[in-house]
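Student: Please take me through one part of this model in detail. I would like the contacts first, with every cut-off stated.

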Amino acid sequence: MKNAPFHMSLPCLSISKTEDFYVDVIGAELGRHSSRWLDINLFGNQITFTKAGIFNFTFKTYKFEDTVLPSFHFGVIVDESTWNNLHAKLTKSEYELTTEVVFLKDKIGEHKSFFIQDPNGHMVEFKCFKKQKEMFLS
């Protein structure tokens, strides 16, 4: 299947804090927006944030290998250079990086990831595969 950008819509608590995080902290582009919603261009993918109340998920975490991860999260798979630049940039921000780890070490699908929580409580993962072609292999 040909690669295609995805669209995701998520609730947010503050349009201005969400815009600041994704545009000023992460470096994504702001798309169409109003006082009640905004579109973010995150590496060619459209994330729409809509002003809403607190959204509650029943299952907060799961375990992969020996690491506890957030059950609900989304992310972007980037090349190693982009991953390193984002990691260095975000480490210096006011936001805390969590779960920086290498998964499937020396196995098919080896990748490194880190997570950062946006102002709405959404966990955003940045992932880099050692061999990009192994993204869907097991």
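Tutor: D118 is in contact (heavy atoms within 4.5 Å) with F21, Y22 and F49, leaving aside its neighbours within four places in sequence. This is a predicted model: local features need pLDDT of at least 70, side-chain atom pairs count only at pLDDT 80 or more, and totals for chains, interfaces and linings use all residues. Residues are numbered from 1 along each chain as its sequence is written, and side-chain values use heavy atoms, with hydrogens and water left out.

D118 is found in the loop between β9 and β10. Strands here are DSSP runs of E, at least two residues; helices are runs of H or I, at least four; both are numbered from the N terminus.

D118 is buried, that is, under 20% relative accessible area with a 1.4 Å probe, protein chains only. Yet D118 has no salt bridge, defined as a side-chain nitrogen of Lys or Arg within 4 Å of a carboxyl oxygen of Asp or Glu. The nearest side chain of opposite charge, K17, is 11 Å away. For charge, Lys and Arg count as positive, Asp and Glu as negative; His and the chain ends are not counted.

Polar partners do exist. The side chains of D118 and Y22 make a polar contact at 2.7 Å. That term means a pair of N or O atoms within 3.5 Å; within protein, one must be able to donate a hydrogen and the other to accept it, and residues adjacent in sequence count only if both atoms are side-chain atoms. A polar atom of the D118 side chain also lies 2.8 Å from the backbone nitrogen of N120.

Methods
Buried means under 20% relative accessible area, exposed over 50%, partly exposed in between (1.4 Å probe, protein chains only).
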